[in-house]
Amino acid sequence: MINYIVQVVLFQALFLAVYDFFLQKETFFKWNRFYLLSTPILSFIIPLFKFESIQKTIPQEYIEQLPTVFLNPQEVIVQANQYSSTHNYLAIAFYVGLVLFLVLFLTKLFKIFQLISTNKVLKKENYSLVLLDNRQSAFSFFKYIFINKHLLKSEDLQIIKHELVHCKQNHTLDLLFFEILKIVLWFNPMVYVYQKRITLLHEYISDAKVVLETDKKTYFNRLLAETFNVENISFINQFFKHSLIKKRIVMITKDKSKKMKQLKYLLIVPLLVSMLVYVSCSNDSQIDIEQVEKILNEENSISEGKYFEGENGFKMFVGTHLAGEVVSIEEYTEKEKMVFNKFKKIENSKLEISIIINENGDRVFFAKTKYLSNENNKIINDNDGSIPFATIEEVPVFPGCTGTKLQLRTCLQEKITAHVNSNFNSKLANSLGLKSGVKRIFVMFKIDKEGNITDVKSRAPHQKLADEAIRVINLLPHMTPGKQKGDNVGVKYALPIAFKVE
């Protein structure tokens, strides 16, 4: 889910960039309105499309979890940690924000209805005039036009004509659309920018209609003649909004854009293609497999009946049995099929993967464990619980290794383990003032398309340990790169290093 939201925000930012740089100053108001209303919706839809034909034409990077390297295996005692459910603080923050913004929206809505009920309303043929006593305002909400009494007495009909355009073209619906987005995606700054852009565009549209029947000079002089204390409500169309006055006057005096400039809207085509390529090449099934790797490697023991939740709506249950309805393979989604097929290809896997609809109605990846110890039902796996899930056709080859794919993989793991044990300064940890106990260093590195060791990163309890891990990994020899469908591909590796501090 987080990955999806990031993509939505990114795409909205790109759409807004095109609008701001190329479209905003043009007088194609109807086209711009359609653009500002449609592109936020497109940003939600595009991440859901994945074209396998695009995905297959671009070599992917693969990631593989290496078994944990124990620097002092005779002293390391991995204790079983009881699983304790922790609050999902991100989820709590999301719902708190959602409720808060919903309350703010309802408060503003109540304020509008209060103005209607407490002030005199004049019914007209296509709209209603709400006469305000104390507020020097002029704004519209659906078919209601709110205006101060003195403006009506002075027969200032330009303001009414202006607001009437908002009413006829249902501009309030546009603003309410973004209000709903602000409630659901209150943390997304792009929604607020979108609402500001379309609010200004609404004023351009109404101004353009009114000046067809009124002298331009007279009209914008009226804009400058009065100062109003307008309502601070984001989903009403305000005639006098100080921050927009200058831009409106500039647009009123601007010549109509030439039709040739409508070709600018074609810029959205390469932008859409780029977005589709991006989402098609983001390998969600690989992400799900990485999440399972992370779960199995971070947990020293997994109790029967344990649920895990990850990104992209990923849910997993690890144990010997799970009550629920078994989903047939024919009913799998495309994404579920991709994940299932990758697990199916794993050699000597200790898990059987299926999809179950549990008692809550959730679709869950059920990782059925084949081997359990008698002590607390712990899962027993080779290599400290690390299971290689990467399914690259030809794995990278460590110098001197030969044999089958599985033998090459095993040989590479053993060589890297031996390399780390022989080169890592294991005494360093005891001189850094760390608390006693088992500590871990996590290293990420890549064997690129040329077989070089690149992009080495490390996370450790102390920076000197992280630097030492990076130094050791950079000493690895040149490898034979991995291949997928005959093309060299980069392969990322995650390497946990465990040690005990006295």
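**Salt bridges, a covered strand and a lysine patch**

A salt bridge links the side chains of K182 and E179, with N and O 3.1 Å apart; the term covers any side-chain nitrogen of Lys or Arg within 4 Å of a carboxyl oxygen of Asp or Glu. This is a predicted model, so local features need pLDDT of at least 70 and side-chain atom pairs count only at pLDDT 80 or more, while totals for chains, interfaces and linings use all residues. Residues are numbered from 1 along each chain as its sequence is written, and side-chain values use heavy atoms, with hydrogens and water left out.

Back to the pair in question: K182 and E179 sit three residues apart in helix α7 (residues 171-184), and are therefore separated by about one helical turn. Helices here are DSSP runs of H or I with at least four residues, strands are runs of E with at least two, and both are numbered from the N terminus. K182 counts as buried because its relative accessibility is 9%, and E179 does too, at 4%. Buried stands for under 20% relative accessible area, exposed for over 50%, and partly exposed for anything in between (1.4 Å probe, protein chains only).

By the salt-bridge rule, the count comes to nine. Another one of them pairs E468 with R471, where the closest N and O atoms are 2.7 Å apart. Both residues belong to helix α15 (residues 463-474), again three residues apart, or about one turn of the helix. Their cover is another matter: E468 is buried at a relative accessible area of 10%, whereas R471 is partly exposed at 38%. Within it, R248 and E203 have their closest N and O atoms 3.6 Å apart. R248 lies in helix α10 and E203 in helix α8 (residues 189-210), so this pair ties together parts that are 45 residues apart in sequence. Both R248 and E203 are buried.

Turning to the strands, β3 (residues 120-123) and β4 (residues 128-132) run antiparallel and are joined by four bridges; two strands are said to pair if DSSP finds at least two bridges between them. The two form a hairpin, with four residues between them. K120 has L131 of β4 as its bridge partner. β4 also pairs with β6, this time in the parallel sense and over five bridges, with S128 partnered by Y144 of β6. β4 itself is mostly covered, five of its five residues being buried. That goes for both faces: S128, V130 and L132 are buried on one side, and L129 and L131 on the other. In strand β6 (residues 144-148) sits I147, which is buried, with a relative accessible area of 0%. The C-alpha atoms of I147 and L131 are 5.4 Å apart, although 16 residues separate the two along the chain.

On the surface, K25, K254, K258 and K261 gather in a patch of positive charge. Such patches take residues with over 30% relative accessible area and no salt bridge, joining like charges within 9 Å and nonpolar side chains (Val, Leu, Ile, Met, Phe, Trp, Tyr) within 5 Å. Lys and Arg count as positive and Asp and Glu as negative, with His and the chain ends not counted. K254 is found in the loop between α10 (242-252) and α11 (268-281), and is partly exposed, with a relative accessible area of 34%.

Note on methods
Areas by Shrake-Rupley, 256 points an atom, 1.4 Å probe, with all protein chains shown as cover. Charge placed at Lys NZ, Arg CZ, Asp CG, Glu CD.
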